[in-house]
Amino acid sequence: VWAPTAKSVSLRLFPSVGGQRQVVHSSTLGSRAVECLPMERQSDGAWIISGGREWVNRAYQYDVEVYVP
């Protein structure tokens, strides 16, 4: 993610459903935990994170906290 004015960026990784692509609605998550993983800022303003094979086909969102003067 390129977000040069961000104070922090996290990846919200939703639970896997049988390794298939999925559409996630908060009302269907129930007690399944959503992982919130901090991303690493790069000198060019990009934020990165690496994951394993278990991330394939999982739904995700970015949480971005931006600087507002």
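## The main strand pairing

Let's start with strand S1, which covers residues 6–13, and strand S5, which covers residues 60–66: in this predicted model, the two are joined by seven bridges and run antiparallel.

Two places to look are serine 10, standing opposite proline 38 in S2, and leucine 11, whose bridge partner in S2 is leucine 37.

## Putting the sheet together

So what order do the strands take in the sheet? Reading across, you get S2-S1-S5, an open sheet of three strands with antiparallel pairing. S2 and S5 are the edge strands, and each has a single partner, so one side of each has no neighbour in the sheet. On average, neighbouring strands here are turned by 25° against each other, if you ignore direction.

As a bit of background, strands of a sheet pair through backbone hydrogen bonds, and they can do this either parallel or antiparallel. In a regular strand, the side chains alternate between the two faces of the sheet.

## The nonpolar core

Which residues make up the largest nonpolar core? There are six: Ala3, Ala6, Val9, Leu11, Met39 and Trp47. S1 gives the most to this core, with three residues.

Valine 9 is a handy one to click on. Leaving out residues up to four places away in sequence, valine 9 touches Leu37, Pro38, Met39, Trp47, Tyr62, Asp63 and Val64.

Now hop over to the loop between strand S4 (47–48) and S5, where you'll find arginine 58. Is arginine 58 buried or exposed? With a relative accessibility of 13%, arginine 58 counts as buried, because the cut-off for that is under 20%. A polar atom of the arginine 58 side chain lies 2.7 Å from the backbone oxygen of phenylalanine 14.

Asparagine 57 is in the loop between S4 and S5 too. Its relative accessible area is 31%, so asparagine 57 is partly exposed. Check the backbone of asparagine 57 as well: phi is near 70°, a positive value in a residue other than glycine.

How values were computed. Residues are numbered from 1 along each chain as its sequence is written. This is a predicted model: local features need pLDDT of at least 70, side-chain atom pairs count only at pLDDT 80 or more; totals for chains, interfaces and linings use all residues. Side-chain values use heavy atoms; hydrogens and water are left out. Two strands pair if DSSP finds at least two bridges between them. Helices (H or I, at least four residues) and strands (E, at least two) are DSSP runs, numbered from the N terminus. Buried means under 20% relative accessible area, exposed over 50%, partly exposed in between (1.4 Å probe, protein chains only). A polar contact is a pair of N or O atoms within 3.5 Å; within protein, one must be able to donate a hydrogen and the other to accept it, and residues adjacent in sequence count only if both atoms are side-chain atoms. Axes are lines fitted to C-alpha atoms, for helices over the stretch in contact, and angles run from 0 to 180 degrees between N-to-C directions. A nonpolar core is a set of buried Ala, Val, Leu, Ile, Met, Phe, Trp, Tyr and Cys residues joined through side-chain atoms within 4.5 Å. Contact means heavy atoms within 4.5 Å.
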